[in-house]
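The model is shown below.

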Amino acid sequence: MKGLFNKIKNLPTRRRFVVSTIRKDDSSFETAVFEANFFYLPRSWSRPALVIASTTKDEAWDTHYLLTSRLTKEYPIRIFQEYS
């Protein structure tokens, strides 16, 4: 597989997000969180709310699934501050 993609609706704030994990090259991956509109289209492709770099596929996928589960239940600002 080349990457992962999830659409998320945050329950406390009712905001929508898109979490995307891509392979940049053979040994690096990148997980990005984008704020989305009603149709789950990112508001800005050039400015993600959060970007996390990983060196292995397993680490990138674990980060992706962790962010996906946390963004559905927790306040996004706290998550973004934790990873910044």
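I began with the accessibility of R15, which is partly exposed at 29% relative accessibility. The model is a predicted one, and I read each value below as computed from it. I then looked for the partner of R15 and found E35, the two side chains meeting in a salt bridge at 3.3 Å, N to O. The pair links distant parts of the chain, 20 residues apart: R15 lies in the loop between strand 1 (3–9) and strand 2 (16–25), E35 in strand 3 (residues 28–36). I noted E35 as partly exposed too, with a relative accessible area of 33%.

Next I turned to E30 and K24. Their side chains form a salt bridge, with an N to O distance of 3.6 Å.

I then examined R70 and E74, whose side chains meet in a salt bridge at 2.9 Å, N to O. Is R70 buried or exposed? I found a relative accessible area of 15% for R70, so this residue is buried, the limit being under 20%.

Last, I checked the total. The count of salt bridges comes to 4, among them R15 with E35, E30 with K24, and R70 with E74.

Key. Residues are numbered from 1 along each chain as its sequence is written. This is a predicted model: local features need pLDDT of at least 70, side-chain atom pairs count only at pLDDT 80 or more; totals for chains, interfaces and linings use all residues. Side-chain values use heavy atoms; hydrogens and water are left out. Helices (H or I, at least four residues) and strands (E, at least two) are DSSP runs, numbered from the N terminus. Buried means under 20% relative accessible area, exposed over 50%, partly exposed in between (1.4 Å probe, protein chains only).
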